[in-house]
Every structure is written in structure tokens, then in C-alpha cells.
Amino acid sequence: MRCPFCSHPDTQVKDSRPAEDGAAIRRRRFCPSCSARFTTFERVQLRELTVVKRNGRRAPFDRDKLERSVALAVQKRNIEPDRVDQMVSGIVRRLESSGDADVTSDMIGELVMDALKSLDPVAYVRYASVYKDFREVDDFRDFIKGEQLAQPNIEDPKGKS
């Protein structure tokens with residue numbers, strides 16, 4: 001593997017271990033040219049996925065983009081990074097095993113919503129606010145009520161129930 005720091009073509013693997021419950025291999029690498037150390041992950045990819053956007057445009061599936069959007073939703077929440085990695089890997093596995101190389105952005109959004117709902121309610125609402133394009137405070141209130149995320153003993157500050 002090429003060194004990301006100096007572009008030397010050969011790096012050495014110093015340590016390998018399973019990651020993401022065996023779904024990936026984490027490798028610590030060393031560059032003999034610049035002495036840099038870095039980590040790589042090796043995952044099985046069942047098929048090349050293409051995302052079909054709402055406007056009909058097509059783009060290659062980008063796992064990193066999915067990870068970034070989930071990271072924004074769980075930011076400053078007390079959630080173990082391993083749980084987030086497992087969640088993202090599970091979503092990718094479901095997409096790859098769906099039987100179709102074309103997946104819609106809506107399908108990805110719904111899978112993320114389902115996974116976040118069981119992981120953390122605040123992260124779920126954060127993601128939903130972007131995915132469902134909330135425009136006003138009432139959008140949040142309606143969504144939380146509709147999803148039955150509100151605690152039953154807490155009254156609405158405006159006196160609504």
C-alpha cells in the first residue's frame with residue numbers, strides 16, 4: 001500500500017487485528033521511507049453500489065459520506081464509536097445484499113433513521129431534521145409527537161398536549 005504521507009509505494013504491516021466484529025481487518029502500517037505510521041481498514045465489498053438521488057442523478061456510493069452524516073447526528077452524544085461503526089457497517093451490508101446495485105438516497109436515509117432510532121433518540125431527531133428538511137420549530141414538535149419520542153409526563157411549554 002502506498003504511504004499517504006510521502007507516496008512511497010511499499011509500506012509494512014506491523015499489526016493486524018479484526019475490527020467491527022470481524023467484518024473488517026484493521027492494519028497498522030509503517031513506511032520505511034518517511035517512518036510514518038498509519039492505520040488502514042480492509043472490508044469485504046459485495047458489489048459496487050450506485051446511489052440514485054431524488055433528482056434522478058446517479059453517484060457512486062460513498063461509505064465515508066454515510067459515516068460523516070451519521071457522525072454529525074451523534075456528535076457530542078455519549079455513544080461509543082464502535083457502536084456507530086457497527087451501525088454503519090450493518091447499513092452498508094444491508095445495501096450490498098439488497099440484490100440491486102442501484103440504491104435510492106431515500107432507502108439509505110430510511111435505513112439510517114431506523115438504526116439511529118434504536119441507538120439514540122437525540123441523534124435520530126438531528127438526522128431526521130436534515131433528512132426530512134425541517135423548516136420550523138413546529139416541524140420538530142410534530143415529528144417528536146408523531147414518533148412518540150416525547151416523555152408522557154412533560155407538558156408542552158405552550159400548554160398543548
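**View 1. Helix α1 in the lining of the largest pocket.** In this predicted model, α1 supplies five residues to the lining of the largest pocket, which is the largest share. Along with α1 (63-74), the elements β5 (58-60), α3 (105-119) and α4 each supply at least two residues of that lining.

**View 2. Centre and composition of the largest pocket.** The volume of the largest pocket is about 690 Å³. It is lined by 23 residues, of which Lys53, Lys65, Ser69, Ser105 and Tyr127 are the closest to its centre. By residue class, the lining of the largest pocket divides into eleven nonpolar, eight charged and four polar residues.

**View 3. The tilted pair of tyrosine 124 and phenylalanine 143.** Five aromatic pairs are found when the whole structure is searched. In the pair of tyrosine 124 and phenylalanine 143, the ring centres are 5.4 Å apart and the planes stand at 45°, so the pair is tilted. Because tyrosine 124 belongs to helix α4 (residues 121-131) and phenylalanine 143 to helix α5 (residues 137-146), the pair ties together parts that are 19 residues apart in sequence. Tyrosine 124 and phenylalanine 143 are both buried.

**View 4. The edge-to-face pair of phenylalanine 134 and phenylalanine 140.** The ring centres of phenylalanine 134 and phenylalanine 140 lie 4.9 Å apart with their planes at 80°, so this pair is edge-to-face. Phenylalanine 134 is buried, its relative accessible area being 15%, whereas phenylalanine 140, with a relative accessible area of 34%, is partly exposed.

**View 5. The aromatic cluster.** Tyr124, Phe134, Phe140 and Phe143 together form one aromatic cluster.

Terms used. Residues are numbered from 1 along each chain as its sequence is written. This is a predicted model: local features need pLDDT of at least 70, side-chain atom pairs count only at pLDDT 80 or more; totals for chains, interfaces and linings use all residues. Side-chain values use heavy atoms; hydrogens and water are left out. Rings of Phe, Tyr and Trp (its six-membered ring) pair if their centres lie within 6.5 Å; planes under 30 degrees apart count as stacked, over 60 as edge-to-face and the rest as tilted. Helices (H or I, at least four residues) and strands (E, at least two) are DSSP runs, numbered from the N terminus. Buried means under 20% relative accessible area, exposed over 50%, partly exposed in between (1.4 Å probe, protein chains only). On a 1 Å grid over the protein atoms alone, a cavity is a set of points where a 1.4 Å probe fits but cannot get out, and a pocket is an open set with protein on both sides within 12 Å along at least five of seven lines; lining residues have an atom within 4 Å of a point. Grid points are joined across faces, edges and corners, and a volume is the space filled by probe spheres set on the points. Ala, Val, Leu, Ile, Met, Phe, Trp, Tyr, Cys and Pro count as nonpolar, Asp, Glu, Lys and Arg as charged, and the others, Gly among them, as polar.
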